[in-house]
Amino acid sequence: MILVTGGAGYIGSHTCVELINAGHKVVIVDNFCNSDPSVVESIRDITGKDVVCVDADVRDKDKLLSVFKDYDISAVVHFAGHKAVGESVSKPLSYYQNNLDSTLTLCEVMDMQGVRTLIFSSSATVYDPSNDMPLVESATLGCTNPYGWTKLMNEQILRDLATANESWSIVSLRYFNPIGAHESGKIGERPSGIPNNLMPYITQVAAGVRDKLHVFGNDYPTADGTGVRDYIHVVDLAQGHVRALEYAQESRGAQSINLGSGTGCSVLQIIHAFEQATGITIPYVIDPRRPGDIAVCFADTSKAKQLLNWQTQLDINQMCEDAWRFESQS
Ligand SMILES: NC(=O)c1ccc[n+]([C@@H]2O[C@H](COP(=O)([O-])OP(=O)(O)OC[C@H]3O[C@@H](n4cnc5c(N)ncnc54)[C@H](O)[C@@H]3O)[C@@H](O)[C@H]2O)c1
């Protein structure tokens, strides 16, 4: 069985579906600090398969140990953590506590149980903003906020672990900008409060929850002046985890691998793609640039192609259609 920490969350739930579709059995450990238990039922609904879910904090060593004793776990996909960049600046201790302690406790328990195959959720935020594009895995690392540092520190801990004991096999996946939802419309991204990310903001404007979108800066050195990011459909991202798991099961050591589409898309391009996919007009205003934002960010995806035999399949239109289906059905 595969243990999925944070499996009730946005990316975790889609990955559970793809793991089950690929024939794996899944145990979720989630404390629902940023998700709802009903998501587990939706995963069962989509796959027609049972999913075990344990309501627990990954930092609770005794509880985690009991999960390893109760189920025959062969590998772990570790999503559990806090993820809001802005919040991490105002609550750094909470971010370092949750994001580091969860990994330390998990790895300690895995080691005790002799389970040493791990896929970790990292992020493109580990790259220093001054790098040239596209970002290759060997680019300079460095962060501008506590959330990013927790990811970079986690990667370092995992590299050190693999150096100390060569039976570990660890893949840190550096995600670019996951958006979209499962085609069933049953699982997707449900931010609490004001969305930090572009797509949930757009879908909430489309649904009438918010009156207009704020576009931060239209004077960047890009084709239309708005920021360019590498958007990746969450189902492609989830399938990347299944490939990474298969790769990790056959190898040893620690790797960091980008998961992105390899192409950039501007904020205005996303707005227009959404309008085309749904027929809904998105009113927006141009606001000043946000501090810390860079003009362009996209991935070099050759390492994922080479090691995982993986690349994205789903385009921006699909991302917009699926994101809207989820928002409008819920
Ligand atoms: N969404 C993105 O844009 C993005 C980009 C790069 C990296 N990531 C990383 O991917 C992972 C998953 O992201 P997501 O968007 O699905 O986030 P999410 O908040 O939807 O999912 C995280 C899940 O982990 C759970 N959780 C958090 N702390 C926990 C703990 N201590 N014990 C048990 N459960 C806990 C939450 O309840 C939630 O269900 C995170 O580590 C995040 O930092 C996300």
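**Notes on the model**

1. In β2, V26, I28 and D30 point one way while V27 and V29 point the other way, and all of them are buried; a residue counts as buried if 20 or more other C-beta atoms lie within 10 Å of its own, as exposed if 12 or fewer do, and as partly exposed in between, with C-beta atoms placed from the backbone. In a regular strand the side chains alternate between the two faces of the sheet. Because 5 of the 5 residues of β2 (residues 26-30) are buried, this strand is largely enclosed by the rest of the structure. Strands, like helices, are DSSP runs numbered from the N terminus (E, at least two residues, for strands; H or I, at least four, for helices).

2. This is a predicted model, in which local features need pLDDT of at least 70 and side-chain atom pairs count only at pLDDT 80 or more, whereas totals for chains, interfaces and linings use all residues. Residues are numbered from 1 along each chain as its sequence is written.

3. On one side β2 runs parallel to β1, to which 4 bridges join it, and I2 has V26 as its bridge partner; two strands are taken to pair if DSSP finds at least two bridges between them. β2 also pairs with β3 (residues 52-55) in the parallel sense over 4 bridges, and here V27 stands opposite V52. The chain passes from β2 through helix α2 (residues 38-47) to β3 in a right-handed β-α-β crossover, right-handed meaning that, with the strands pointing away from the viewer, the path from the first strand over the helix to the second runs clockwise. A right-handed β-α-β unit is likewise made by β1, helix α1 (residues 10-21) and β2.

4. Helix α5 has 22 residues and reaches 31 Å from its first C-alpha to its last, close to the 32 Å expected at 1.5 Å a residue, where the expected span is 1.5 Å times one less than the number of residues. Its buried residues include Y95, N98, N99 and S102, and what covers the buried residues of α5 includes β1, α3, β4, α4, β5 and α6. Just after α5, G114 takes a positive phi of about 70°.

5. Helix α6 (residues 146-164) has 19 residues and spans 27 Å between its first and last C-alpha atoms, close to the 27 Å expected. Among its buried residues are P146, Y147, W149 and L158, and the buried residues of α6 pack against α4, α5, β5, β6 and β11.

6. S122 lies in strand β5 and is buried, with 23 other C-beta atoms within 10 Å. Leaving aside neighbours within four places in sequence, S122 is in contact with K151, N154, E155, S172, L173, R174 and S256, contact meaning that the C-beta atoms of two residues, placed from the backbone, lie within 7 Å. The C-alpha atoms of S122 and I257 are separated by 9.1 Å, although these residues are 135 residues apart along the chain.

7. Of the 27 residues around the ligand, G6, G9, S35, S121 and S123 come nearest, a residue being near if its C-beta atom, placed from the backbone, lies within 6 Å. The elements giving two or more residues to this shell are α1, β2, α5 and β5, and α1 supplies the largest share, 3 residues.

8. Overall, the protein has 11 helices and 13 strands, and 48% of its 330 residues count as buried.
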